[in-house]
Amino acid sequence: MTPAQFRKHGKTVVDWIADYYARIESFPVMSQVKPGEVRSSLPKTPPQHGEPFDAMLRDVEKLILPGITHWQSPNFFAFFPANTSFPSIMGEMLSAGLGVQGMLWATSPACTELETHVLDWLVEMLALPKTFLSGGKGGGVIQDTASSSSLCALLAARERATNFHSNERGCTGKLVAYASTQAHSSIEKAAKIAGIGRANLRLIGVDEKFAMRPDALEAQIRRDREAGRLPFFVCATIGTTSSNAMDPLAPIAKICRQNKLWLHVDAAMSGTAAVCPEFRWIHNGLELADSYCFNPHKWLFTNFDCDCFYITNRNELIHAMSILPEYLRNKATESGAVIDYRDWHIPMGRRFRALKLWFVIRHYGIEGLQFHVRRHIELAQQFASWVQADKNFELAAPAPLNLVCFRHRSGDETNQRILDNLNRSGKLYLTHTKLAGKLTLRMSIGQTNTELRHVKRAWERIRAAI
Ligand SMILES: Cc1ncc(COP(=O)(O)O)c(C=O)c1O
């Protein structure tokens, strides 16, 4: 494709994306295709000869769109937000256009330095502990996902706890990690991948708000020590996936300090709320954490993938992850004056993700981001008040931010029927969880363009879907 052709088709693609957003509410939010339907519509073999660009875009419209669940629809209330914005999309386009591989500072200094800079900005924007700033011993890095961040935290913790011996000789099976029963499944996955073993991940009980019980954590650590085990890692969650529960960081951090355990804090979605001073309480106690992550790709208007991972002592992470083959040696690395982010995560290669985050922050400004985050929380609080005022429905958990867990009082069957009817209608998309053994509906509000009218209409539809 020549630059002239790219210019022409590229403009068509931008128009297509802009039109997509203009008509997004006309599509069923949850894709209605049957398993295998998309695949069976595709040619069995790849084309022998190149095809015209128009044909590809026509097929996106005809074959791909029906198989899309519209995460960017303002009527998307399922799972958690994965919101994006036009500035982010343009940052992503530029990143693809530059095609940079930022594994070393030397392979594109701007890719590394912009990332360090934007992550320092975010420390200020979210009022995170200053120990996460790159000017001291800590620092931030963009990872693909919170799952990867938690795995990296676990690996660094494993190495610190074993004096960097596990990397050499493998694990002995003595290490024990802790998270609540409500922690994200990625923690269990990380325990398996890191060689800790699922049986050595203790899932600590929660209180009536589904938050980790520090007394239960402390008791379990004591039991493990008495049994000759080596407790080394705690993952606390700020905003659990099921119900947005907030583990109490301050007492958990104190227990970690007393027992010399690594504290990782997973604030995948909810961390974003701290852009507003009135929601910064969610991070009380974070100053004692060893690592922290949150996902701009969930609720900060930045398209997937973009997870910000912070650490208070970057050397512990780098020591755990660094390998320097001859072919990566270069003067800048040897000078010690630069960051080589390939040592801060699992893959060697890395995309220029900071560009989209930089665009988002510059486009909205702090005020703009606060405005949108506050609006989502206000909408969720309004929704929660409607649930509370309706004698047929009840709240199933506290709703501190933008997620409302609720259910019809007449039991699981009714709630399942509501869910199925709504999702089949295509008018909105809701998902469920189980809380205290009961099927619970989740109203997650955070798509960039969701307004009061969407939430009002959703509530009318929910009540009518029984
Ligand atoms: C609390 C929490 N942690 C981790 C994750 C996983 O996020 P990612 O897809 O970035 O790995 C999620 C996603 O739902 C989450 O809610």
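Modeller: Before we start, one definition: buried means under 20% relative accessible area, exposed means over 50%, and partly exposed is in between. Keep in mind that this is a predicted model.

Biologist: Okay, so is Phe79 buried, exposed or partly exposed?

Modeller: Phe79 has 34% relative accessibility, so it counts as partly exposed.

Biologist: And how do I read a pair of aromatic rings?

Modeller: You describe it by the distance of the centres and the angle of the planes. The whole structure has 23 aromatic pairs. Take Phe79 and Tyr429: their centres are 5.9 Å apart and their planes are at 90 degrees, which is edge-to-face. Phe79 sits in the loop between α3 and α4, and Tyr429 in the loop between α15 and β10, so the pair ties together parts 350 residues apart in sequence. Tyr429, at 10% relative accessibility, counts as buried.

Biologist: What about Phe383 and Trp386?

Modeller: That pair is edge-to-face too, with 6.5 Å centre to centre and 65 degrees between the planes. Both residues belong to helix α14, and being 3 residues apart, they are separated by about one helical turn. Phe383 is buried at 0%, while Trp386 is partly exposed at 21%.

Biologist: Now the sheet. How do strands pair in general?

Modeller: Through backbone hydrogen bonds, either parallel or antiparallel. Here, 7 strands make an open sheet with mixed pairing, in the order β1-β7-β6-β5-β4-β2-β3. The edge strands, β1 and β3, each pair on one side only.

Biologist: In which sense do β5 and β6 pair?

Modeller: Parallel, over 3 bridges. Look for Asp266, which stands opposite Cys293 in β6.

How values were computed: Residues numbered from 1 in each chain as written. Predicted model: local features only at pLDDT ≥ 70, side-chain atom pairs only at ≥ 80, totals over all residues. Heavy atoms only, no water. Pairing = 2+ DSSP bridges. Helix = DSSP H or I, 4+ residues; strand = E, 2+ residues; numbered from the N terminus. Phe/Tyr/Trp six-rings, centres within 6.5 Å; stacked < 30°, edge-to-face > 60°. Buried < 20%, exposed > 50% of the residue type's maximum accessible area, 1.4 Å probe, protein only.
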